[in-house]
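Please keep the sequence and the 3D view at hand while reading.

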Protein chains: 2
Amino acid sequence: MIEPNVTSKTSLNKRMQFAVIGGGVIGGGWVARFLLMGFDVNVFDTDPEARRKINEVLENARRSLPGLYEHILPQEGRLVFCSSIAEAVTNADWISESIPERLDIKQSAYAEIQSHCPEDSIIASSTSGFKPSELQQNASRPQQIIVAHPFNPVYLIPLVELVGNPQTTKHAAMVLSQLGMHPLRVRKEIDAHIADRLLEAVWREGLWLINDGIATTQEIDDAIRYGFGLRWAQMGMFETYRIAGGEAGMAHFIEQFGPALEWPWTKLMNVPDLTDELINKIASQSDQQSGQYSIRELERIRDDNLVAMMRALKVKDWGAGNLLNKVDQTLSVETELPAVPTGLGDAIRTARRVIPSSWVDYNGHMNDSHYGEVFSKASDVLLLGIGADQEYVARGYGYFTVDLQISYLSECLAGDVITVFTSITLADGKKLKLSHEMKNSQGDICATCSQFLLHVDLKSRKSCPPMDSVAAALADLN
Amino acid sequence: MIEPNVTSKTSLNKRMQFAVIGGGVIGGGWVARFLLMGFDVNVFDTDPEARRKINEVLENARRSLPGLYEHILPQEGRLVFCSSIAEAVTNADWISESIPERLDIKQSAYAEIQSHCPEDSIIASSTSGFKPSELQQNASRPQQIIVAHPFNPVYLIPLVELVGNPQTTKHAAMVLSQLGMHPLRVRKEIDAHIADRLLEAVWREGLWLINDGIATTQEIDDAIRYGFGLRWAQMGMFETYRIAGGEAGMAHFIEQFGPALEWPWTKLMNVPDLTDELINKIASQSDQQSGQYSIRELERIRDDNLVAMMRALKVKDWGAGNLLNKVDQTLSVETELPAVPTGLGDAIRTARRVIPSSWVDYNGHMNDSHYGEVFSKASDVLLLGIGADQEYVARGYGYFTVDLQISYLSECLAGDVITVFTSITLADGKKLKLSHEMKNSQGDICATCSQFLLHVDLKSRKSCPPMDSVAAALADLN
């Protein structure tokens, strides 16, 4: 009888012991998540390259996972490379198996694991291809073995599909939640679980498109990442379609969209009959999922999420974010930015923009930190105007802010149009002082900012006088 | 011969005239994008509710689209509701058709449109179901009619599939790019174009899962949005799998993953033969798409994008972002935050965190604006400590920052661990002054901050003395 006392063992304060059998990309990803969430991990892998491969994954995880949180993670756990399965699993509360997808190999690994591990530990296979009933064949304690199927990169993507004995997967779900993951307990075992069946469907359709010369890999990826990928990253498919159905609801949507299923759109044609029973099942599941929101509310949640994610991709200049940056370049030319300052104390317009919904905080107004963001971008525009542009930075020079003082005079709300006027108040060798004024569309000043910058050599990270072009532009002011 | 002189007509400075025939959710989305990007739009729709429906879409678009950009959009175009197709299209450079998906209705609409519109305008159908060759049957100028298939919400999602005459779609692509969209010119016409074929594949598989009781709509959506949806929003499918293939490349990945296609995973089984020719085709397309990056670089781009998008969802407390917030709550308890200040001038720890990769700017260090973000969050923690928590805000009271002064003493890099110590230096009625010190892991001070806040009544947005619990906590300090 497996009834691990997970509640007491899995508090982040307690030290569960994890074991990982098989340290490839997936096994290494598990290692990284366990360690970075503060747990000790024993690894066993016969590959002599395992240590190098795991360290590469760990390096990636260390530079990304901790930045997801506003608090520091617990101290990293201890990683031990073991020379046998026995050594790795003897004291393990959770044994993650990520060895090659061959049933016979997996089954012998479980025999070895079960002859050494505690009876109440969880043996969790990362398999995407096998069902628990297959994995458990001939096992001494079948209920101990479950599927915990993660997604690459395991240290960042939250989803884990759990399949197997309900009590074991219930406990497993509690452990995974505490690792910051989203455990999805699958109701019935089925080949490839849930997500990989969906992925397979798209993969097959993609292969046909390439095979038949309709699209390239790039074009298919673009169709995804500039299109429904953005919707799916936050709502998935059914909640997205619920919105498309409008106030008439999900049943209406299926009745509208349903017939399209019978069109000859694809070579993969077998579809379930859209009986009233199936339609009602979907509609009522959708009500349970999203019924607490009106369609109008869902639209706004969707739109705010899209704005926030697309703005995030802007910072990385990638995908949809790269597109937005291109438009910004055009708009900045249209609005005649960057302007060139004509003299000390002469205010020029350095920003004219709308407050995005993603900048609003729990007080219902633009969070104080985004005032700094607005002024920071305004400085960038002014620096462009005096020649401290990308090329100048590429040559190894730039300005660093040394002191900043912001006075907040009135609130800004999402959608408000603000304008920033900036003047250079001092340009003396490496010293540069700016004065910013942020105005709302009524012309009222919402905030002022004084900013002191130093010119720096980006190689030595030390201050130095500006170079020729910038020096000349500044000299013209005085 | 259709050769619209799009280059000169479609600069954002020039005023192209758009017409929209059919103003439902999709037509309304087009209207919104055209108008907000500064163009005039004529609308024709026989639905007496069209004006209300379009205004609802416009309202959503106005609160989201402008916030995507760091610059103000051009002045909104003029919206004219017309009483006939003739009136709407007579001077239109671009005619967007979004009427019901019935071929006979669409064909008669084109006859009416073509008898009144300029010969060099573009007639772009939003159809997801029909091919250009079907739309063009019996048309007086077939090449003028193309498919421009957008995705809901049209005002935010960039993808538009363009199908039809190469010259017309080339010009259409230029127009759409200037509207901030991503035109995808489809090489050969095919039922449902590209994206909807992929969507259909997932939809069918999803229906089976629900029909067979394997998963609910919520579970399928969760499998998407906590899993591959996050990957697809930034890289799509093939670039993601290229990474999974590792340095061995895409051909290796297909050889590994290929056999799985023949497993009985689904009821939809027809797959193309994985001939060497097909494998090489995919591998070389993938090289062309992503070959400029090593796998290691792609991993880091992927991870940085995921961190940026998931952090963006945190602000909205939605999907993967909601999961992260839950872990943050646990971590804040673990790290004994919020602490309660014991006296005036006593520094307590208000933050201990890692600098995320998404905070780094072109100078290679934490952008100056994020120092303000760190201090703003530190203030929130201190406010929790004196009882100004969510419940207090819900009761209608809180603190607004009035003045902030930051001194930048040293650079912070992605991955650096920083700690913030905060003391209350003044607590006098509605006035509250804080002093923050940010230290790096060597104990050096990276920045200091003085912050002046006022206690406010969130209903009147006016300052007022703090209420009982907070007042008592502050009185204890003095």
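In chain B, strand 5 (residues 122-125) and strand 6 run parallel and are joined by three bridges. The model described here is a predicted one. Two of the pairs between these strands can be named: B:Ala124 has B:Ile146 of strand 6 of chain B as its bridge partner, and B:Ile123 stands opposite B:Ile145 of strand 6 of chain B.

As a general point, strands of a sheet pair through backbone hydrogen bonds, and the pairing is either parallel or antiparallel.

Is strand 6 of chain B, residues 145-150, mostly covered or mostly open? Strand 6 of chain B is mostly covered, since six of its six residues are buried. B:Ile145, B:Val147 and B:His149 point one way from the strand, while B:Ile146, B:Ala148 and B:Pro150 point the other way. Residues on both sides of strand 6 of chain B are buried.

**The sheets**

Chain A has an open sheet of eight strands in the order 3-2-1-4-5-6-7-8, and its pairing is mixed. The edges of the sheet in chain A are strand 3 (79-81) and strand 8 (182-185), each pairing on one side only. From one strand to the next the twist averages 25 degrees. Within the sheet of chain A, strand 1 (residues 17-21) and strand 4 (residues 94-97) pair in the parallel sense over four bridges. A:Phe18 has A:Trp94 of strand 4 of chain A as its bridge partner.

| Strand pair | Sense | Bridges |
|---|---|---|
| Strand 5 and strand 6 of chain B | parallel | three bridges |
| Strand 1 and strand 4 of chain A | parallel | four bridges |
| Strand 10 of chain A and strand 10 of chain B | antiparallel | five bridges |

**Between the chains**

How many residues does each chain bring to the contact? Chain A brings 153 residues and chain B brings 153 residues. On the side of chain B that touches chain A, the largest share comes from helix 8 (residues 195-211) of chain B, with 16 residues. By class, that side of chain B has 80 nonpolar, 41 polar and 32 charged residues.

Strand 10 (residues 397-408) of chain A is joined to strand 10 (residues 397-408) of chain B by five bridges, and the two run antiparallel. One of the pairs is A:Ser407 with its bridge partner B:Asp403.

A:Ser358 lies in the loop between strand 9 (348-354) and helix 15 (368-385) of chain A. A:Ser358 counts as buried because 24 C-beta neighbours lie inside 10 Å. Leaving out residues up to four places away in sequence, A:Ser358 touches A:Asp304, A:Val307, A:Ala308 and A:Arg311, and also B:Ala312 and B:Val315. From A:Ser358 to A:Val327 there are 31 residues in sequence and 19 Å in space, C-alpha to C-alpha.

**Domains and a helix pair**

The domain assignment of chain A gives domain 1 (6-193), domain 2 (196-300) and domain 3 (336-477). Taken over C-alpha atoms, the centres of domain 2 and domain 3 of chain A are separated by 45 Å.

In chain B, the axes of helix 10 (residues 238-245) and helix 12 (residues 276-290) come within 10 Å and cross at roughly 100 degrees. The two helices of chain B are therefore roughly perpendicular. B:Phe238, B:Glu239 and B:Arg242 of helix 10 meet B:Ser286, B:Gln289 and B:Ser290 of helix 12. The residues of this contact divide into one nonpolar, three polar and two charged.

Definitions and conventions:
Residues numbered from 1 in each chain as written. Chains lettered and ligands numbered in written order. Predicted model: local features only at pLDDT ≥ 70, side-chain atom pairs only at ≥ 80, totals over all residues. Axes fitted to C-alpha atoms, helices over the stretch in contact; angles between N-to-C directions. Parallel < 35°, antiparallel > 145°, perpendicular 65-115°, else oblique. Contact = placed C-beta atoms within 7 Å. Nonpolar A, V, L, I, M, F, W, Y, C, P; charged D, E, K, R; others polar. Domains from an automatic or database assignment. Buried ≥ 20, exposed ≤ 12 C-beta atoms within 10 Å, placed from the backbone. Pairing = 2+ DSSP bridges.
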